[in-house]
There are 2 protein chains.
Amino acid sequence: MAHKARRGFSNQEFENRTRRCQAMMANQGLETLWVCTEPEVRYFTGFHTPFWQSPTRPWFVVVPSSGKPIAVIPSIGASSMSSTWVDDIRTWPAPQPEDDGVTLLIDCLKEVTTPDGRIGLPMGPETHVRMPLRDYAKVRAAFGEFFDSTEIIRSLRMVKSDEEITKHQYICSVVSDAFDALPGILNTGMTERQAFASFRAEILRQGADDVPYLVGATGPGGIDDIIRQPSDRIIAQGDLLIFDTGSTFDGYFSDFDRNFAFASADQSAQDAYKAVWDATEAGLAIVKPGATTTQIFNAMNDVLMKNGSLGNNVGRMGHGLGMQVTEWPSHTIDDETPIEENMVLTLEPGLEWAPGKVMVHEENLVVRSTGPELLSRRAAEKLPII
Amino acid sequence: MAHKARRGFSNQEFENRTRRCQAMMANQGLETLWVCTEPEVRYFTGFHTPFWQSPTRPWFVVVPSSGKPIAVIPSIGASSMSSTWVDDIRTWPAPQPEDDGVTLLIDCLKEVTTPDGRIGLPMGPETHVRMPLRDYAKVRAAFGEFFDSTEIIRSLRMVKSDEEITKHQYICSVVSDAFDALPGILNTGMTERQAFASFRAEILRQGADDVPYLVGATGPGGIDDIIRQPSDRIIAQGDLLIFDTGSTFDGYFSDFDRNFAFASADQSAQDAYKAVWDATEAGLAIVKPGATTTQIFNAMNDVLMKNGSLGNNVGRMGHGLGMQVTEWPSHTIDDETPIEENMVLTLEPGLEWAPGKVMVHEENLVVRSTGPELLSRRAAEKLPII
């Protein structure tokens, strides 16, 4: 089993995150920034709970121009928040629909912002405002306008710290072990659902905290959909199977898949497998600081096109990875994000190799100064047959 | 083990949901309604995937004044969506940050709405708009104003169908079995983390699809926080333990907790346990169609006050349960929601029984014409000692 990574973070980590954020805020003329989504609140505070699945209560963190972030949260979170590095915790007895944190948030923003000071809020791609729109309108009305700070949050979260990377290393190692164990766990005659349950149990047994994301499919000679939930379909000889999992350790994700065939596979399926494997190699050869997501996309796409790809409905060939199973950036034809050292990325080339038959490979890596360091154990070069 | 419930839904279920929605829309003078959050999209279409954890792509469903809902979704979801009852599926190759479904959504809304027709969108308590605020502003600009349709979605989702209730029955039975097995699984000397992992594995072994929500804590003679993640703390004699889990079957949740003591418990802890058990009894005695959430709150709160409660930071004493671990309504002092037949609810009385020591009980039930039918197996009347 993988060597266990440390849990939690040093206070230095949160100080660095906040200081970097405040430097970017100053550059953009922002006095204050506020966030209301789980990864952003966790990023600045360390507050980590599955309680966010309850849609009832909004949670806010305000980053002033200097000093520590301020938590403006429901009282049910006060005890957990007080165990983080945050000192200033303001609570209200949520749920309280007539004023669910709105006044408290407005007062906090006013307190830390001069009358003409600019306040930032992420409003761009991959963000949303996790509070009722009617309540957001009240907050906005108190200030006139907020400034889109997506770019600040995006650039902060895209580059991982050493402490974050060790968590990715651990969970990717755990899931690699679980994938390696699959041939001994799966059999024809099982249903997809039984196969899913066995794989989930194995990932947990190997040391994951949770398996929030598990999708996959089986099909005779090929698969038509890669985001599906399991069915009662019985796995038969000649089937192809894909499992794709985002598993977590201490709130950080792995996200990679593996493909298997049962008993036998057509040459065309084996060729499709080799095409995405080769495409991944082409991507790995390109990844280094200074390259762009578009160059990575093109390198992989060229290989797929040469291998007769009919296209790909995923819309991209990999993405960032972190506290969420997908994060900025995206490897697309026009994303053009410069790759930086310590980004954690997936490479995810996929193709439709025959009408209604898709093949997708995925690996996880951290960008080092000289190139990629794989976090997932590299998939076999040839389609594994169970 | 519990008798397995049927997966998926009949088409009749989706027809009923849509027809009820359209009747309410007509009553409120709405021609069209749109939604963009996971439970709402699933409610109208049956589209069910953990892919929503990826924040990259927005997903939309448009409900016209008559006929089936229309899906406006990323192309990666086309195959899964086409296996639902929905016929009209419009896709774009997301991610495409310069126009991530905005034009497609605007065109769809215009197509099904007359020039002066009113369009609804949930904007009230427990809702949010899951798309970038900048993109939402573009959609809003194309129409001037949307009308808050929280009440339509809320009243639809609060009352469950027979098909939904069977899923709740199954998962609550599974989790009851897993809680019953706990005394044989847990020991002093384990860490909290080991206890969590063992319990999660047991719930899955008993037949849950997943355990998305699992919180809890241990402490010498009491517990100060009920939404915490496990630590490396070693469980010792004299500890109290609480586990609270939201586990799922076919996308429907259980949500209840259980408390245990190891080796021994102070009389004050046993009294606190009995107080919340008695409070639950008082709640169960009140639940029936025509009662209100406020009456349920008051019935439970009276018992806790008589038992010397120092208060409660949860903000409510139970809530609705369904596709999310918490849903409308909330049992609070002023919520005043009338209880209806076939609501699925939790009762969750809690008190601080000594400074820094809290005790919370939770049960799940479905409201029948004559009163509550328990879904969770009722907790023991006295604090169980392992």
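Visitor: What makes the passing of helix 7 of chain A and helix 8 of chain A left-handed or right-handed?
Guide: In this predicted model, helix 7 of chain A passes helix 8 of chain A in a right-handed crossing.

Visitor: Why are helix 7 of chain A and helix 8 of chain A called oblique to each other?
Guide: They pack at an angle of about 135°. Roughly perpendicular ends at 115 degrees, and roughly antiparallel needs over 145. The pair is therefore oblique. Their axes lie 9 Å apart.

Visitor: How do you know which residues of helix 7 of chain A meet helix 8 of chain A?
Guide: Contact requires C-beta atoms within 7 Å. Val174(A), Val175(A), Asp177(A), Ala178(A) and Ala181(A) meet Phe199(A), Glu202(A), Ile203(A) and Gln206(A) of helix 8 of chain A. By class, this contact has six nonpolar, one polar and two charged residues.

Visitor: How many residues bring domain 1 of chain A and domain 2 of chain A into contact?
Guide: Eight residues of domain 1 of chain A touch ten of domain 2 of chain A. Helix 6 of chain A gives the largest share of the domain 1 side, three residues. That side has two nonpolar, one polar and five charged residues. The C-alpha centres of the two domains lie 33 Å apart.

Visitor: What makes up the side of chain A that touches chain B?
Guide: In all, 55 residues of chain A are in contact with 55 residues of chain B. Helix 8 (192-206) and strand 7 (210-220) of chain A are among the elements that each supply at least two residues. The side divides into 26 nonpolar, 20 polar and nine charged residues.

Terms used: Residues are numbered from 1 along each chain as its sequence is written. Chains are lettered from A and ligands numbered from 1 in the order in which they are written. This is a predicted model: local features need pLDDT of at least 70, side-chain atom pairs count only at pLDDT 80 or more; totals for chains, interfaces and linings use all residues. Two residues are in contact if their C-beta atoms, placed from the backbone, lie within 7 Å. Helices (H or I, at least four residues) and strands (E, at least two) are DSSP runs, numbered from the N terminus. Ala, Val, Leu, Ile, Met, Phe, Trp, Tyr, Cys and Pro count as nonpolar, Asp, Glu, Lys and Arg as charged, and the others, Gly among them, as polar. Domain bounds come from an automatic or database domain assignment. Axes are lines fitted to C-alpha atoms, for helices over the stretch in contact, and angles run from 0 to 180 degrees between N-to-C directions. Angles under 35 degrees count as roughly parallel, over 145 as roughly antiparallel, 65 to 115 as roughly perpendicular and the rest as oblique. A crossing is left-handed if the near helix is turned anticlockwise from the far one by less than a right angle, and right-handed if clockwise.
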